[in-house]
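Here are my notes on the model you sent over. Have a look at it first, then read on.

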Amino acid sequence: MMQLLLKDIQIQRRFIFLGFVFIGFFFFLLGAFEGLPLAVPAALFSHFLIVLASKSDEKNNNSRLLASFPLRRRDIVTSKYIGIFMFMAISFFLTTLWWWITGFFLPANELPWFSVQSVIISILILLLFYSIYFPIFFMTGSRIVQVLDLIVILTIGGVIILGLRILEWIDINIGLILSDLLRYNVISLSFWISTICLMLIIMSWVLSIVVYERRNI
């Protein structure tokens with residue numbers, strides 16, 4: 001398992017460095033994230049590394065190579081899911097490091113702002129995305145991997161729109177519900193949303209194992 005994670009880090013080593021420089025460039029020269037939560041660039045960096053790792057495997061036919069090794073397929077799947085948290089941790093750490101460094105040279109109002117709520121929301125959005133992304137990835141492989149991001153985004157968007165329509169049809173005021181949620185205790189709300197997202201990612205992991213073990217590589 002550890003070797004699979006190290007393999008992903010080795011593949012991404014150059015892109016981790018480039019992403020770190022890219023975020024620093026935007027911090028120092030362009031101020032592209034000014035006025036935005038610090039979690040936004042960190043989440044974008046995380047997504048870039050996670051998706052690139054999966055696409056690199058399919059592009060280089062690593063899936064066939066790994067399948068020929070004495071590895072259980074469930075270990076290959078599990079390493080990808082652990083990789084989600086690993087690359088998120090790397091991305092959030094490096095982004096926070098830039099934020100801390102630039103704080104010595106730039107005023108606070110020119111830097112992204114930090115909040116626990118925005119970090120939690122960003123992580124939950126990423127978990128929701130990958131709970132859909134990886135089962136499709138392990139089911140289809142290289143056939144649609146280049147456009148899989150778009151497929152997942154459209155799927156999530158479609159589900160949200162459909163859900164809003166259903167709520168309208170049954171006369172439920174979504175605006176009132178959102179207002180109540182915003183007034184709800186942040187810690188309790190974060191706990192329940194985190195629990196739901198963790199359940200989704202666990203269900204996604206199980207589904208990915210099932211489809212990948214049955215897939216003909």
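1. Helices here are DSSP runs of H or I with at least four residues, numbered from the N terminus. The patch consists of Leu128, Ile196, Met199, Leu200 and Met203, with about 450 Å² of accessible area together. Met203 is in helix H8. (Patch residues have over 30% relative accessible area and no salt bridge, with nonpolar side chains joined within 5 Å; areas are Shrake-Rupley with a 1.4 Å probe, with only the protein chains shown as cover; a salt bridge puts a Lys or Arg side-chain nitrogen within 4 Å of an Asp or Glu carboxyl oxygen.)

2. Keep in mind that this is a predicted model, where local features need pLDDT of at least 70 and side-chain atom pairs 80 or more, while totals for chains, interfaces and linings use all residues. Numbering runs from 1 along each chain as its sequence is written, and side-chain values use heavy atoms, without hydrogens or water.

3. On confidence (pLDDT, from 0 to 100 per residue), the protein chain averages 76. Helix H7 (residues 174-183) is lowest, at a mean of 56, and H4 highest, at 88.

4. Which helix gives the largest share of the lining of the second largest cavity? H4 does, with four residues. (Lining residues have an atom within 4 Å of a cavity point, on a 1 Å grid where a 1.4 Å probe fits but cannot get out.) Among the lining residues are Asp8, Lys80 and Phe134.

How values were computed:
1 Å grid on protein atoms, 1.4 Å probe; cavity = no way out; pocket = protein on both sides within 12 Å on 5 of 7 lines; lining within 4 Å. Helix = DSSP H or I, 4+ residues; strand = E, 2+ residues; numbered from the N terminus. pLDDT = per-residue confidence, 0-100. Patch = residues over 30% accessible without salt bridge, like charges linked within 9 Å, V, L, I, M, F, W, Y side chains within 5 Å.
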